[in-house]
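I opened my notebook to record what I looked up in this structure, one entry at a time.

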Amino acid sequence: MIRVIVADDEATVRAGIAAILDAEPDIAVVGQAHDGDSAVALVASTTPDIAVLDVRMPARRPPTPGPPVRGLRPEGPPSGRPTCADGIAAAAAIGQRHPATRIVMLTTFGLDEYVFAALRAGAAGFLLKDAEPQRVIDAVRVVAAGDAMLDPGVTHRLIDRFATGPGPEDAARLGGLTPRETQVLHQVARGLSNAEIAAVLGISASTVKDHVAVVLGKLGVRDRVQATIAAYEGGLIRPGVREQQAPESSGHHGSPPSKGRLLG
C-alpha cells in the first residue's frame, strides 16, 4: 500500500486529488494539509511514502495564542521554529528530515522558476494542476517505485528557460564520468527508460541500471530528474538542438523516448 499525504491551500483541489488517489486499491491518503508547515508536520506524524505538494502554498502566519482545546493539536509550528514559506521550502524540509518520503509537486505553466527551485529541493515528480486523474495516479505509483515523473509541458518550459549554457563548475561536474557513463546520462536526460537506453547503446538493461546508479552517485544526486538537470547545466544536452545518436552505440534506436516519464 502506498501511503500519501496531499497538501494544497486550495481546499477543492486538495480534496479532489485526495479523492482520486484514495479510490485506488493500492493507495491510501493518510492526511491532508493546507500549507507548508502543516505538510511538514503531517509527514513527521504519518511517515508517508509520497507527499503531493502544491509548489506555491502561502506561508502561514503565527496563530493568535489562545487557550488549549482538549483533543485538538495547536495551530502553527512549535515556538522558535521558522514557518515554511511555500511548497518549495516544505519540500526541502521534508527531504532533509524525512528522506524516505518522496515528493510530487503540483504546478502551473506560469511558475517555471518555482519548478526549478523545487527540483533542486529534491522533488521527484511534477504535474500540472489540470493533469488527467490517471496521470496523477500514475505519478504517485511511479515515484513510489523509486522512479521520477515530469509532465512534458513542465519539462519543456523548464529546459527552455533555465538551461542557458554550462558554467565551469557545471561542466567540471560531468568530467568525472567515463565515456559510457556520459552516454547513459545523455539518454537519461532524453527521457529514455533503462530498456530503451539498452536498445540504443547495445547493452543489457541490467548494465544500464548499474551505470545509472554509478552516475547518480558521482553527480551526488538522488534520482534521474536531478541527473537530467545536471546534464543540461553541464552542457551535455542543449535546448533547441536536435539530439544525435550517442557515440559508440549499436546504431539501433529502439523505442521512442517515454513522454514525461523518467523511468528507473
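How are H8 and H10 oriented to each other, roughly parallel or roughly perpendicular? I found that H8 and H10 are roughly perpendicular to each other, because angles of 65 to 115 degrees count as such, while those under 35 are roughly parallel, those over 145 roughly antiparallel and the rest oblique. The axes of helix H8 (residues 179–189) and helix H10 (residues 205–219) cross at roughly 95° and come within 9 Å. I noted that axes are lines fitted to C-alpha atoms, for helices over the stretch in contact, with angles running from 0 to 180 degrees between N-to-C directions. Helices (H or I, at least four residues) and strands (E, at least two) are DSSP runs numbered from the N terminus.

Before going on, I wrote down that this is a predicted model, in which local features need pLDDT of at least 70 and side-chain atom pairs count only at pLDDT 80 or more, while totals for chains, interfaces and linings use all residues. Residues are numbered from 1 along each chain as its sequence is written, and side-chain values use heavy atoms, with hydrogens and water left out.

Next I looked up helix H2 (residues 36–46) and helix H3 (residues 87–97), whose axes are 9 Å apart at an angle of about 20°. H2 and H3 are therefore roughly parallel to each other. On the H2 side I listed Gly 36, Ala 39, Val 40 and Val 43, which meet Ala 90, Ala 93, Ile 94 and Arg 97 in H3; contact means heavy atoms within 4.5 Å. By class, I recorded six nonpolar residues, one polar and one charged in the contact of H2 with H3.

My next entry concerns Asp 54, which UniProt lists, in an unreviewed entry, for "modified residue: 4-aspartylphosphate"; such annotations may be inferred rather than shown by experiment. I located Asp 54 in strand E3 (residues 50–54). Because its relative accessibility is 5%, Asp 54 counts as buried (under 20% relative accessible area, with exposed being over 50% and partly exposed in between, for a 1.4 Å probe and protein chains only). Leaving aside neighbours within four places in sequence, I found Asp 54 in contact with Ala 7, Asp 8, Asp 9, Gly 87, Met 105, Leu 106 and Lys 129.

Last, I looked up Glu 196, which lies in helix H9 (residues 194–201) and counts as buried at 11% relative accessibility. From C-alpha to C-alpha, Glu 196 and Val 208 are 9.7 Å apart in space, and in sequence they are 12 residues apart.

How values were computed:
Ala, Val, Leu, Ile, Met, Phe, Trp, Tyr, Cys and Pro count as nonpolar, Asp, Glu, Lys and Arg as charged, and the others, Gly among them, as polar.
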